[in-house]
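This report is an introduction for a reader who is meeting the structure for the first time. Please keep the sequence and the 3D view at hand while reading the sections that follow.

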Amino acid sequence: MTNPISDIEKSDVILVVGSNTTDTHPVISAAMKRAAKFGGKKLIVIDPRGITLKKYAAIQMAPKPGGDIAWINGMIRIILEEGLEAKAYIAERTEGFDAMADSVASFTPEYVTKITGIPEETLTQAARLFASGEKGSIYYCMGITQHISGTDNVKALANLAMVCGNMGIEGGGVNPLRGQNNVQGACDMGGLPDVYPGYRKVHDETHAQTMESAWGVTGLSRTPGITATEMVDAALKGSLKALYIIGENPLLSEADLTHTEKGFKNLEFLVVQDIFMTETAQTADVVLPALCFAEKEGTFTNTERRVQRVRKAVDGPDGVLADWEIVCEIAKRMGTEMPFDSPEAIFTEIAATTPAFTGLSYTRLEKEGIPWPCPTADHPGTPRLHVGRFAKGKGSFFPLSWTPPAEITDAEYPLVLTTGRLLYHYHTGTMTRKSKGLNERAPECFVEMAGSDAEELGLKDGAMTQITSRRGEINAKVKVSRRMARGTVFIPFHFAEAAANRLTNAKLDPVSKIPEFKVCAIRIQGA
Amino acid sequence: MEKERNITIDGREFRFSEGETILTVAKRNHIDIPTLCHLKGTTPTGACRICVVEVEGARTLMTSCTVPATVGMVVRSESPEVIRSRRMTIELMLTSGRHDDCLVCPSSGNCRLQELAFRYKVKGTTFEDTGVKYPMESVNPFILRDFSKCILCGRCVQACNEVQVNEAIDMGYRGSATKIITKGDVALKDSDCVFCGECVQVCPVAALVPKDARITPRLSEMKEVKTTCSYCGVGCQMNLHVKNNRVWQVTGCEESAPNYGSLCVKGRYGFDFIASDKRLTTPLIKENGTFREASWDEALTLTAKRLKEISDVQSDATGLLTSARITNEENYIAQKFARTVLKTNNVDHCARL
C-alpha cells in the first residue's frame with residue numbers, strides 16, 4: 001500500500017474495487033465501515049457481486065467481470081469533461097497526461113454501459129463523487145489483478161488517482177490489500193524471479209555486482225528466472241527438472257490444475273516443505289516438515305509495508321526445524337555454508353544488504369512494527385509513499401485501452417465463473433480446514449448464483465450440480481443468492497474435493513504473469 | 001491569546017482541551033477513576049455509573065466518561081459519597097444474575113467486576129440475587145453466552161456496532177427483562193454475527209467467553225506471547241495465551257497498530273491447526289509410489305544430492321518456490337539459496353494466486 005491502514009478513516013471518499021473486504025480483510029473492512037457510518041465519509045464499492053461492504057456504500061457498481069478498464073477510463077473521461085481534475089497537481093507532479101486523456105476519449109458513458117452493464121448515471125455520480133473529495137483513496141485486491149489485463153487495471157486506477165491529485169497525500173493513495181500474511185515480505189526479500197531483496201533487478205550489472213560482494217560469491221546469474229506459473233510449463237516441456245517448494249500448495253491454488261498436475265508429474269525431483277500433508281506434498285519425492293508461525297522467531301511485513309515481529313510461543317513437534325534451518329542444512333550438504341545461528345542474525349544481514357531495511361533491527365521492532373523504507377537507525381519509517389514527489393520523480397500516466405477477457409461465454413459455456421475466498425477459510429485451507437470451528441461454519445464448496453439462473457437451469461437451492469469448463473469439471477451444491485447478477489457465478493477455491501481451479505483459465509497477464517482466475521466460461525447441469 | 005483551560009481534580013490543577021471528558025483528563029494525569037462500560041473509540045454511554053465523580057456545584061454525582069471538562073470545574077474522584085455510590089453499583093451488579101462462583105468462573109483473575117469488588121470490598125451479599133433469567137447459549141463453535149453473568153454494561157454492543165460495525169447485536173426487551181440480543185433474538189449462529197469475537201474480548205465479566213473457556217486454562221494463569229497473525233496481509237498484532245506448551249486462546253493487542261485489539265474469526269479462533277495431530281512430524285521419502293518415514297539426515301542428504309545432480313548439469317533446470325506464509329528471514333535465506341547454491345533466478349512464490 002502507498003498509504004497506511006490508519007489513513008482509511010482520513011479519506012473523504014474511499015473507492016473499493018475487486019475486494020470482498022469484509023471476508024478477506026475483515027479488520028480493514030471495519031475501518032471502511034466506521035468511516036462510512038460514523039465518519040461521514042463516502043464509500044464507492046465496485047464488484048460484480050453484491051458483497052457485504054456495499055451495504056455501507058454511497059454508490060455501488062456491479063460491472064461484468066473483466067470490464068474494469070472501461071469503467072475506470074469512463075470515470076476519468078467524465079472527470080476531465082466536467083473539469084474536476086486536479087490541474088495544478090497534474091501539471092507539477094505528473095507526465096504523460098495528454099496521451100492518457102486521448103486514450104479515455106472514446107469511453108463515453110454509453111460505451112462503458114455496453115461493456116460493463118453499469119448504468120450511465122451511476123458512472124457519472126461515481127466520477128463526480130470521487131473527484132469531489134479533497135482526499136480520495138483507492139483500495140483494490142485480486143478482483144483487479146487476476147485478469148489478463150491485471151497490470152493495466154492497476155495502471156488505470158493509478159491514472160484515476162493522479163487525475164484527482166490523490167497520490168502522495170494523507171488519506172489518499174492506490175492501495176493493494178495484500179492477501180497473505182507475508183506476501184509483501186516475500187516480494188521485498190527477493191522471492192521473485194527478476195529481483196534481489198529490495199527490488200533490485202537481477203539483470204542490472206551494478207546490482208548483481210553489489211549482491212556478489214555482499215554475499216561473497218561470484219557468477220550470480222544475470223538472467224531473470226521464471227514465475228511459478230511459467231515453471232509449470234517449463235516442467236511440462238522438460239526444461240525444469242527439479243523443484244523445491246516451501247509452504248505453498250500450487251496443486252490447489254494454481255489456475256487450471258489438471259495442467260499443473262501434468263507439469264509436476266513430469267519433474268524429475270520434487271521436494272515439498274510444509275506443516276501439513278498438502279495436495280502438493282502428496283506428489284513430492286521428499287516431504288520435509290517445518291515449524292509453524294507460533295513455533296519460531298522472525299518478522300512478517302504487512303500490507304502497509306510494516307515490518308512486525310513474529311515470536312515463538314510454543315515448541316513445535318519433536319525434531320522439526322524452522323524453514324530457514326532446513327534450507328541452510330540442505331545448502332551445507334550441497335557444499336555451501338550458510339552459517340546463521342538465529343533469525344535475528346539473518347535479519348541483521350537483511351538490514352545490511354537491503355537499502356529500505358537499513359535502519360531496522362529487532363531492538364527497534366520490539367514494541368511496534370515499522371513501515372519501510374527505513375534508511376537509518378533513527379528514521380521513523382515511511383507510512384506514506386510519494387509524498388511531495390514520486391519515488392521516480394514524476395508520476396507517469398499511461399494511455400490504456402480495454403480488451404475483453406481471454407475466455408468469453410458462448411452457447412456451450414454460457415456462464416461466467418469468478419472465484420475467491422470465504423470469511424471462514426484461508427487460501428487452500430491447509431490451516432483453516434484443520435480447524436473444527438471454521439469447518440463447522442463453512443463445511444463445503446458451493447456454487448453461488450442468481451435465482452433466475454438457477455431457475456432457468458431447473459436447479460433448486462442445495463441441489464448438487466456438475467460445473468464444467470474447457471479444462472475440467474467439479475461437483476458442488478447450488479447456493480441461490482441475491483448477491484449474484486444474472487450470468488455470473490461464484491465458487492470459492494478453498495476446497496480440494498471440489499477445486500475451483502480445475503475450471504479456471506491459466507491465461508496470464510503479460511507483465512505480472514498473473515492468471516485470469518476471475519473470469520472463465522463454464523456450464524452447469526444437475527448432477 | 002487563548003484562554004487557559006484548567007480543571008481541578010482531587011486538589012490538583014490540570015489543563016484540558018475543548019471537548020475532553022473529565023475521565024480523559026484524569027487518565028492522562030494518572031488519576032485512576034475506575035470504569036467498566038467505557039470502551040475506547042466508541043460513544044460513551046454512561047451506562048454502568050462506576051466512573052461517577054463529585055463535581056462541585058452539581059446536584060448529583062456525574063459520570064466522568066460523558067461529562068466534558070469545563071473551565072474552573074472542581075472534581076473529587078474518590079470522595080466518601082463517590083465511594084458509597086460505587087459500592088452500591090457494584091453490589092447491584094453482583095446480585096444481577098449469578099456472581100457468587102468466582103472459584104469456578106473462567107474469567108476469574110481477568111474480570112473487571114471482580115477487580116472492582118476487591119477494590120471497594122463489596123461481597124454482593126446485601127440483596128438476594130436475581131437468578132438466571134435466560135439460558136446459556138452454546139450452539140456455535142466459538143462463543144459461549146452466559147446471560148447469568150451479564151451485567152448489561154453494553155460494551156459488546158458498542159464493540160459490535162461501533163468498532164467492528166457488524167451490527168449483529170443490541171440491547172433487547174426492556175426493564176428487568178433486558179437482554180443482549182441478535183435481530184429476532186435468534187442464536188448467534190443464525191444471526192448476522194461473523195464471530196470476530198470483538199465482543200468476547202471487551203466483555204468485562206464472563207458473559208461472553210470462548211466456547212471451551214470452562215475446560216481450558218484461564219487467561220490469568222497463562223503466559224502471553226505477542227506476535228503477528230499468520231492469515232491475511234493486515235498483520236494484526238495478537239497475543240497467544242500459552243500454558244503447557246499449548247496455545248489455548250488468542251486475543252488482539254489493544255495498544256498496537258494496525259488493529260488496536262480487533263481480530264477476525266480466523267485470527268481469533270482459527271489456531272487449532274498449531275496443535276493438530278495431522279501436523280507433519282517426520283521427513284518422508286517416496287519409494288515405489290508410497291511414502292516412508294526417514295531420518296532428517298537421510299532426507300536432507302537425498303534432497304541435497306538430487307538438487308546438486310540436476311543443478312550441476314543445468315542450473316536453470318532447478319527452481320524454488322518460496323512462500324508468502326513464512327518469515328522475511330526465511331524468504332531471504334530461500335532466495336539466497338536459490339541464487340547462490342542452485343545458481344538460478346528461478347525463484348518465485350504464491351503472490352499471484
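## Domains of the two chains

The domain assignment of chain B gives domain 1 (6-78), domain 2 (93-217), domain 3 (222-279) and domain 4 (284-352). The model is a predicted one, and in it the centres of domain 2 of chain B and domain 4 of chain B, taken over C-alpha atoms, are separated by 51 Å.

Chain A, for its part, is divided into domain 1 (5-177) and domain 2 (415-526), and the centres of domain 1 of chain A and domain 2 of chain A, again taken over C-alpha atoms, are 26 Å apart. Where these two domains of chain A touch, domain 1 of chain A gives 19 residues and domain 2 of chain A gives 23 residues. On the side of domain 1 of chain A, the elements that give two or more residues are helix H1 (21-24), helix H8 (142-145) and helix H9 (150-163) of chain A, and the residues of that side divide into six nonpolar, eleven polar and two charged.

## The contact between chains A and B

The contact between the chains takes 118 residues from chain A and 97 residues from chain B. On the side of chain B, helix H8 (residues 328-340) of chain B gives the most, with twelve residues, while the residues of that side divide into 49 nonpolar, 30 polar and 18 charged.

Strand pairing also links the chains: strand E9 (residues 242-246) of chain A and strand E15 (residues 318-321) of chain B run parallel and are joined by four bridges, with A:Tyr244 standing opposite B:Leu320.

## A sheet in chain B

In chain B, an open sheet of five strands has the order E2-E1-E5-E3-E4, with mixed pairing. Strand E2 (12-15) and strand E4 (62-63) of chain B stand at the edges, each with a single partner strand, so one side of each is left without a neighbour in the sheet. Within the sheet, strand E1 (residues 6-9) and strand E5 (residues 74-76) of chain B run parallel and are joined by two bridges, and the bridge partner of B:Thr8 in E5(B) is B:Val74. Helix H2 (residues 80-95) of chain B packs on this sheet, where it touches strand E3 (52-55) and E5 of chain B, and the direction of the helix makes about 155° with that of E3(B).

## Buried elements of chain A

Helix H14 (residues 257-265) of chain A has A:Leu257, A:Thr260, A:Gly263 and A:Phe264 buried. Seen down the axis of H14(A), the buried residues fall within an arc of 120°, so they line one face of the helix. What covers them includes helix H12 (228-237), helix H13 (250-253) and strand E10 (269-274) of chain A.

In strand E20 (residues 488-492) of chain A, five of the five residues are buried, so the strand is largely enclosed by the rest of the structure. Both faces of E20(A) are covered, with A:Thr488, A:Phe490 and A:Pro492 buried on one side and A:Val489 and A:Ile491 buried on the other. Strand E16 (residues 415-420) of chain A runs parallel to E20(A) and is joined to it by five bridges, and A:Leu417 stands opposite A:Val489.

## A closer look at A:Arg441

A:Arg441 lies in helix H19 (residues 436-441) of chain A and, with 20 C-beta neighbours inside 10 Å, counts as buried. Leaving aside neighbours within four places in sequence, A:Arg441 is in contact with A:Tyr424 and B:Pro141. A:Arg441 and A:Pro399 are 42 residues apart in sequence and 46 Å apart in space, C-alpha to C-alpha.

Note on methods. Residues numbered from 1 in each chain as written. Chains lettered and ligands numbered in written order. Predicted model: local features only at pLDDT ≥ 70, side-chain atom pairs only at ≥ 80, totals over all residues. Contact = placed C-beta atoms within 7 Å. Nonpolar A, V, L, I, M, F, W, Y, C, P; charged D, E, K, R; others polar. Pairing = 2+ DSSP bridges. Buried ≥ 20, exposed ≤ 12 C-beta atoms within 10 Å, placed from the backbone. Arc of directions from axis to C-beta. Domains from an automatic or database assignment. Axes fitted to C-alpha atoms, helices over the stretch in contact; angles between N-to-C directions.
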